[in-house]
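Visitor: I would like to go through this model with someone. Please show me the sequence and the structure.

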Amino acid sequence: MKRSAVAKTPARLPNRKPIRRNTKRTGELSEAAFLLKAETLGFHVAKPWGDSEPYDFILRAGARLWRVQLKCTGEIDAGCYCVQPIHFVYGKGKVVYTAEDIDVLVAHVIPLDAWYVLPVEAFVPSRGLRFYPDRACKRARWEKYREAWHLFDARSRALP
């Protein structure tokens, strides 16, 4: 029995342009991914009401509460994924996060679902963080913080 021409032709989907999400929506999706990741790892997470605080989440590890700022990136720029550890302060403009604002910055590289957990003292006063999760690079200074979720546990146990 011969196959019909229709059976040989693959189904055609309408021409669709890639979805380009706005940065607000992309951030919201990373926040949802963070909630899932942190809870799956056994941490407990709270989301402050509104967006007036300099941090996005409060993460509980043991007896310790951590102020966590989440940054995400989805596009390669000059061979790396970049985030800016800055926020807007009324009257001052854009400023780098400090230990007065947050305890930890978590960077999410969306296409690779790679997570970097950086204590604030590790990156201050840097205004830009470059991540190289998919290639070797001599300047990949943040790679030791990739998937460094253990930092929450280790420091929590060290507290009195």
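Visitor: What pLDDT do local features need here?

Guide: This is a predicted model, in which side-chain atom pairs count only at pLDDT 80 or more, totals for chains, interfaces and linings use all residues, and local features need a pLDDT of at least 70. Residues are numbered from 1 along each chain as its sequence is written, and side-chain values use heavy atoms, with hydrogens and water left out.

Visitor: In what order do the elements of the protein chain run from the N terminus on?

Guide: Helices (H or I, at least four residues) and strands (E, at least two) are DSSP runs, numbered from the N terminus. The protein chain has 4 helices and 10 strands. From the N terminus on, the order is α-α-β-β-β-β-β-β-β-β-β-α-β-α.

Visitor: What share of the residues in the protein chain is buried?

Guide: Buried means under 20% relative accessible area, exposed over 50%, and partly exposed in between, with a 1.4 Å probe and protein chains only. Of the 160 residues in the protein chain, the buried share is 36%.

Visitor: Why is the pair of W66 and F152 called edge-to-face?

Guide: Rings of Phe, Tyr and Trp (its six-membered ring) pair if their centres lie within 6.5 Å; planes under 30 degrees apart are stacked, over 60 edge-to-face, and the rest tilted. The whole structure holds 9 aromatic pairs. In the pair of W66 and F152 the centres are 5.3 Å apart, and the pair is edge-to-face because the planes stand at 80°.

Visitor: How many residues apart in sequence are the parts that this pair ties together?

Guide: Both W66 and F152 are buried. W66 lies in strand β3 and F152 in helix α4 (residues 150-158), so the pair ties together parts whose separation in sequence is 86 residues.

Visitor: What is the angle between the planes of W142 and Y145?

Guide: W142 and Y145 are both buried. They form a tilted aromatic pair, 6.4 Å centre to centre, with the planes at 40°.

Visitor: Which element gives the largest share of the lining of the largest pocket?

Guide: On a 1 Å grid over the protein atoms alone, a pocket is an open set of points where a 1.4 Å probe fits, with protein on both sides within 12 Å along at least five of seven lines; lining residues have an atom within 4 Å of a point. Of the 37 lining residues, the closest to the centre of the largest pocket are T23, K24, G27, K71 and C72. Two or more residues each come from α2 (23-40), β3 (64-73) and β6 (86-89). The largest share, 8 residues, comes from α2.
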